Amino acid sequence: MAYIAPIHRPSSARHALYSQLLSDEEESLVLRRANRLEIWRLRDGLLNLVHSKVVNGTIAILQKLRPKDARTDLLFVGTDRFEYFTLAWNPETSQLDTINPFNDPGERHMRDSQSQDRCLVDPSGRFLAMHLWEGVLTILRLGNRKNTATVLDWMGQVRLSELFIKASTFLYTETGHPKIALLYQSRADSSDAQLATYRLTSDDRNTELSRFDPNRDREIDAEIHDPSASMLIPVRKVEEQVKRHNVRNVESAKAHIGGLIVVGETRLLYIDEVTKTTVESALTEASIFVAWAEYDVKHYFLADDYGNLHLLTLETEDVVVTGMIVNRIGKTSRASNLVYLGDNLLFVASHYGDSQLFRLDLENDDARQLVQLVQTLPNIGPILDFEIMDLGNRGDEGQLANEYSSGQARIVTCSGVHKDGTLRSVRSGVGLEDVGILADLEHCRGLFPLSSYGSPKTDTLAVSFLTETRVFKFDSHGDVEEVESFSGMTFDQQTLLAMNLPKGQLLQVTPAAASLLDAESGVTIASWAPEGERTIISASANPRWLLLSVGGTELVSLSIANDFQTVQAKDMNQQDQVACIHVAPGLDDVGVVGFWTSGTVSIIDLHTLEPIHGESLRTSKDDASIPRDLALVQMLPPSASGPTLFVAMQDGNVVTFNVSKDLALSGRKRVILGMRQARFHLLPQPDGIFSIFATTEHPSLIYGSEGRIVYSAVTAEEATYICPFDTEAFPDCIVLATDAQIRISQIDRERRTHVKPLQMGEMVRRIAYSPREKVFGLGCIKRDLVAGEEVVQSSFKLVDEIIFDRVGRSFPLGSPSYTELVECVVRAELPDSYGAPAERFLVGTSYLADPDLGAGTDARGRILVFGVDADRNPYLVLSHELKGACRCLAVMDDGKIVAGLTKTVVVCRYEETSSTTAELTRLASYRPSTYPVELCVRGNTIAVADLMKSVALVEFVPAGADETGAAGPSSKRGEAKLVEKARHFGSVWATAVSHVQDDSWLEADAQGNLMVLRQNLEGVTAEDKKRMEVTSEMNLGEMVNRIRGIEVETTPGAIVVPKAFLGTVSLRCGESLFGMNERRFANTGQWQVEGGIYMFATVVPHAQDLLLRFQAKLADVIKTAGGIEFRTYRAFRNAEREGDGPFRFIDGELLERFLDVDEATQEVICQGLGPTVEDMRNLVEELRRMH
């Protein structure tokens, strides 16, 4: 059974709009990222995320509506499965509420529109037109009455004679009757452009739809002289001093402001909506425009396909348009949407690169200052390829750690398209960046931040050792000196606790005594010492109370406010022994004690030291675990939850409890942080919130986010003690101690995706990593516009892993007579001319012939083999021309090369004849059903992913062996061959394949489906054994472009075992990566995905039934925006069939939402499952830590 969960969620932004959604006093930016809606608020010139909403479906349509007499907008959302709903912001719950959901399953015989799904809203915000099917327009409208103002009424569907629509928009009208403009081409194979406009309704009350008859209902019917025109911009009308009327003499009419701009690649056309008068202007430079936004009624921003930002200006005389001019004003990411936010701020939503926020200064004389970047929203999609560098589970000397965490995996991705192409090192987790090293001090036993008298901020650090205490003082510039004395502190003993108190006091606790000091004079105000030879074992305090453990058998409570005068002592020797103590920083009179013998924890009253509530921490009679550290803090906002008690157990578990107002404990959870006990270090945050840095062999930051407690690994594996250190020179930093040194570092407040980009300025299509050379081999494709002509150039480059920068020379591919495209890059260890293993990069290419010059050669592709010399330059060892394109490559264990050509899979022997020459000898070949798109090799078995016919398993039989692989009799021996052993008999447009385990293989297709296929070796007949059966399937909603298998060790009790990472590419039907018309999957339907990375795992047998029932319960109880069922969202779907839901596939993202609901809902979900609510919470926490 299979399990999948996102590691890095899709980050590209294809849809964006500016809407008065939250209130009528401010506008918000709404972004769509795959199946999530994000609401961003503009504050101080920067965008801040305020809300995120998940939808059970891939969002294909996003628009805003304005109900009659309403002051705020509605969001209209549509998914790729034709499910639609409207959302309204509820200020009381601060949530998006679903208003009226509905779905349109469509007809099986209807053809999808050739472009992406379009949704248009008229200027009034009440009429909505959707173009989903070829030749059909679906019309809806908001109600007119107060009680139906937010309800969408179905007006109907109309047939269009304009089948091949390139662009469409509503027009601004003076009459109030909605009008729509369609830019179309007459036939699919023609290269023309026609414009037609219609009234949407035929009656004055706007209740009857127009018939859209081209002979009777067209108001404008024009041929556009630029056949490449693909954009329409409606122009608002302006107030005129003299009201104009329809003129009879059209020749004398003038084009007024208020009409339509048709944008082509070489020309612009303006049409007056009233008089139909046109004004045409030629562009000074041809370009392909892809997005626009209105600045004002006379100025419009245009973004082109090459990342240039232009300003289109209407030249006018008063209100009469006389011409148009386009000027380039800046450079941006290749835009998917442009949104003008007002106040000279422009947002560029990009699916191909980072989304960006720009400040405009259009009056500036310096052309370089017209557009200034002020904020970047990183985007790692589209991911064309990736390499897994570090799984985060390696300890010293290559020892496997106790638990795998995919969030710590370092993944290097080929991200972005064309000029936005980058190589990105991506790691998800809590970032820790060293600011400086204080000293090489060994065996630290504690760190305490202090403030000298009169200092408003921390300026002193006390460092405790086994036999002494040392104090370091920092000035405002960061200079540090060690002081001989500080406020009367004792330096000749270990310090167990030191902290500043109100009223200029200082508290120091040593094993010998607790002292209350005057920070100004250093005079001891009060002191308490245990009787006889007993010593203080541990101490904890807040500004009111000090709690001490004396000898491990006595509790002592001292009132700091009364200068230690109130003393309450309790001898525990007869009952139990004290293992750990804690005083709650946010609760005045509350302490927590963990006991050694009984393994219990108690909340106590510090006045009396009597227990208020207690809880046993042991789960069975054989459990001997002991609590070793405690923390009772407010981790989530008080409005969301009360305080939380954290208990670090001796066996590496952390047990948490929710603490009620009466200090009762509930909601027990258990999370494994390591193999040894964790030590808690509190990090205060604003508004009385705390996060916890837990030090163990794998340190973690524990913090609250979105109503839940999150455990995220930190890259500080040697940390033993830490403390907050907010000084003038080092604001918001921490001090971290290891066994060898003490350093100052900056730490993130929560888990983030840390991206280190390397700008390439070209598309990095393929990547391979060489561990020996410590370099990445990159197959790149560069696209330039030279004198109005698009030029494409491929190359092979090297990038150093350590410095993460280019090294050596680039190796160009291709020639003047043809364009050569990089199709695949793999790394292999192959024998050199002396027989020694040598590191090599293999590159497969394809040729695109220049239509003006012809092919120039019979070859259609090459296999290239590169070595790396001492100067780290790639050098060519082999160039082998092919009669077809080389789409994919793989290498077998014995060094044989497997190549997927246009219609053939071949196995070749590689032999180097010298240091710069080699030969390829074909050994065997196999002809797939159509076209091999991916190969995966395991032993002698080759999985071939076919373009249209799913996956086939082919076995390489060496020469002289029979089909079982063993040496056969001489009569059966012959040449090597490829024998088909099994195949999946289904029409699946495969995109990627990888081996999972044993006889199981993971396949992805172009419709976003994932399937686990198993070879049926136990079949009764030979035909049964050749049939691959589906053991798991679901729809991911994103097309998987690459699957990378992994091998990790997990804990013995782990219920899922990671097997692969999945990378998704982001393309729409008919989109091109290379500036050419490549439409390999054009007829597979309308698909669009956003780019992300997922972890695939298998579920251990004993947990399969539990997880399936748990997922079914969650799907019934947890609802998302639009009320779309989880089963519908994740059901397998292609052109042949549609499933009822995911089959033996667990969605980790759904399971994680169990932690978001309240305890009452958790009880409902867990009824009948068997395990308790606590057990299920622990299970989900363990799963979540893996991703």
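Which residues does N1178 touch, not counting residues up to four places away in sequence? With contact meaning heavy atoms within 4.5 Å, N1178 touches R668, K669 and R670.

## Basis of the model

This is a predicted model, in which local features need pLDDT of at least 70 and side-chain atom pairs count only at pLDDT 80 or more, while totals for chains, interfaces and linings use all residues. Residues are numbered from 1 along each chain as its sequence is written, and side-chain values use heavy atoms, with hydrogens and water left out.

## Overall architecture

The protein holds 6 helices and 86 strands, where helices (H or I, at least four residues) and strands (E, at least two) are DSSP runs numbered from the N terminus. Its radius of gyration, taken over C-alpha atoms, is 34 Å, close to the 32 Å that the globule rule gives for 1187 residues, so the protein is as compact as a globular protein of that length; the rule itself is 2.2 Å times the number of residues to the power 0.38. Along the principal axes, the C-alpha trace spans about 110 × 100 × 60 Å.

Among the contacts with a separation of 6 or more, 53% are between residues 24 or more positions apart.

## Burial, surface and charge

Of the 1187 residues, 59% are buried, a term that stands for under 20% relative accessible area, with exposed set at over 50% and partly exposed in between (1.4 Å probe, protein chains only). The accessible surface comes to about 49200 Å², and carbon and sulfur atoms account for 45% of that area, as computed by the Shrake-Rupley method with a 1.4 Å probe.

The protein has 121 positive and 164 negative charges, whose mean positions are 6 Å apart. Here Lys and Arg count as positive and Asp and Glu as negative, without His and the chain ends, and each charge is placed at NZ of Lys, CZ of Arg, CG of Asp or CD of Glu.

## Strand β29 and its partners

In strand β29 (residues 355-360), 5 of the 6 residues are buried, so the strand is largely enclosed by the rest of the structure. Strand β28 (residues 345-349) runs antiparallel to β29 and is joined to it by 4 bridges, two strands being paired if DSSP finds at least two bridges between them. These two strands form a hairpin with 5 residues between them, and F347 stands opposite L357 in β29.

Strand β30 (residues 371-377) also pairs with β29 in the antiparallel sense, over 6 bridges, and in this pairing S355 stands opposite L377.

## The site of N1178

N1178 is found in helix α6 (residues 1173-1185), and its relative accessibility of 8% means that N1178 counts as buried.
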